[in-house]
Amino acid sequence: MILIAIIIGCIIGALIGMNIPTIPYTYSGYLAIAIIAALDSVFGAITSSLKRNFDMKIFISGFFVNAILAMALTYLGQKLNVDIYLAAVVVFVGRMFNNLGTIRRYYVEKLASNKIIAKAEAAIKQANEASKSNK
Amino acid sequence: MNKSKIILSAIIGIICTILVCVMYMQFKIVEETDITGIEAAREEELQAMLSSWKTRYEEIEEKLTETQQKIAEYQEKIDSNEQASELLDEELEQTNLLVGKTNVTGEGVVVTLKNNEEKSITASDLRTLVNDLKLAGAEAISINDSRILSMTEIVDVDPYILVNEERIISPYIVKAIGNPTYLSSALSLKDSGFIDNYTKLGKTVEMEQEKNIHISAYNNSKNQLQFRYAKEVKE
């Protein structure tokens with residue numbers, strides 16, 4: 001159900017994005033920062049769902065507020081003549097890597113535990129058969 | 001399938017839509033924008049370009065002023081050259097007048113000498129007349145329309161008189177441009193003047209003052225004014 005929603009959303013978004021008129025190049029920096037913030041939120045959401053503490057409100061608020069805050073900080077940085085967007089990029093991309101690392105570790109551990117379980121099951125089966133033949 | 005799960009899916013779908021839409025927009029912008037175009041240039045790049053253009057502008061302006069100065073100099077030179085050439089022209093005119101290479105008009109006297117039955121006019125008569133006219137300040141003299149120059153010979157070659165290697169015959173019309181009063185008075189002095197002297201000798205001499213005498217330039221194709229032996233000495 002959720003997977004279907006994601007796929008449909010991606011397709012609709014791609015169609016809209018391809019047909020929408022472009023904004024001037026000057027503002028593309030803000031858009032890029034907003035995209036990175038949103039991606040960070042998405043990866044954070046995936047991590048939290050894997051950890052089973054996913055909260056819809058936190059995800060949505062993080063998605064929008066992070067993006068808007070990142071844009072605002074970039075704007076402020078331009079006004080102050082400091083490249084604050086670099087700090088935002090560093091923070092968001094660092095967190096994205098952290099989250100990705102967590103996701104990777106979760107799946108690796110899951111795979112490893114599956115193997116161990118399978119081995120243990122096999123061992124139990126063997127033991128059962130042995131006990132049956134002994135009878 | 002409970003209600004909360006549908007809502008969750010819907011929200012996630014909407015968020016995916018927004019994210020992908022914005023991403024595609026950004027892709028499109030980055031793809032379409034000509035990075036080298038001036039509209040796409042960042043502020044710093046624009047500043048750098050502006051400063052470089054400014055320096056170039058200043059250089060070119062300097063060059064322009066230099067060139068304008070040069071042009072002004074050349075103009076001055078041209079002006080001075082024009083002045084010099086005007087002076088030269090004037091000098092040339094003067095010299096031509098002096099040498100007799102131009103047609104001239106002006107007031108003066110016309111003296112007519114004729115052969116009569118008793119006496120004929122000789123070259124020496126003409127020479128005397130020309131000398132007298134020169135003494136009286138004649139500026140241009142011609143005998144039968146042959147211009148008298150400094151090199152002109154007046155000699156007897158019977159039965160003609162040779163002037164500028166041209167044969168001339170009676171009547172001899174001597175035109176002279178100059179102050180008519182001086183000329184006529186010099187010629188008609190009592191007893192010692194040319195006219196009195198020659199009429200006493202029985203020769204026919206007539207003189208008239210005229211307002212408008214035309215004397216043509218020296219124009220003799222046979223005898224061009226060329227110096228072959230005399231060379232200028234430069235000091």
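**Note on the predicted two-chain model**

1. In chain B, strand β4 (residues 154-157) and strand β5 (residues 160-163) pair in the antiparallel sense over four bridges, where pairing requires that DSSP finds at least two bridges between the two strands. A hairpin joins β4(B) to β5(B) through two residues, and I154(B) stands opposite V163(B) in β5(B). Strands here are DSSP runs of E with at least two residues, helices are runs of H or I with at least four residues, and both are numbered from the N terminus.

2. This is a predicted model, in which local features need pLDDT of at least 70 and side-chain atom pairs count only at pLDDT 80 or more, while totals for chains, interfaces and linings use all residues. Residues are numbered from 1 along each chain as its sequence is written, chains are lettered from A and ligands numbered from 1 in the order in which they are written, and side-chain values use heavy atoms, with hydrogens and water left out.

3. In chain A, helix α2(A) (residues 28-50) and helix α3(A) (residues 56-80) pack at an angle of about 150°, with their axes 8 Å apart. The axes are lines fitted to C-alpha atoms, for helices over the stretch in contact, and angles run from 0 to 180 degrees between N-to-C directions. The two helices, α2(A) and α3(A), are therefore roughly antiparallel to each other, given that angles under 35 degrees count as roughly parallel, over 145 as roughly antiparallel, 65 to 115 as roughly perpendicular and the rest as oblique. The crossing of α2(A) and α3(A) is right-handed, meaning that the near helix is turned clockwise from the far one by less than a right angle.

4. How many aromatic pairs does a search of the whole structure find? Over all chains there are six, and one of the pairs is formed by F63(A) and F64(A), whose ring centres are 5.1 Å apart and whose planes stand at 80°, so the pair is edge-to-face. Rings of Phe, Tyr and Trp (its six-membered ring) pair if their centres lie within 6.5 Å, and planes under 30 degrees apart count as stacked, over 60 as edge-to-face and the rest as tilted. F63(A) is buried at 3% relative accessible area, whereas F64(A), at 34%, is partly exposed; buried means under 20%, exposed over 50% and partly exposed in between (1.4 Å probe, protein chains only). Ring pairs link F54(A), F59(A), F63(A) and F64(A) into a cluster.
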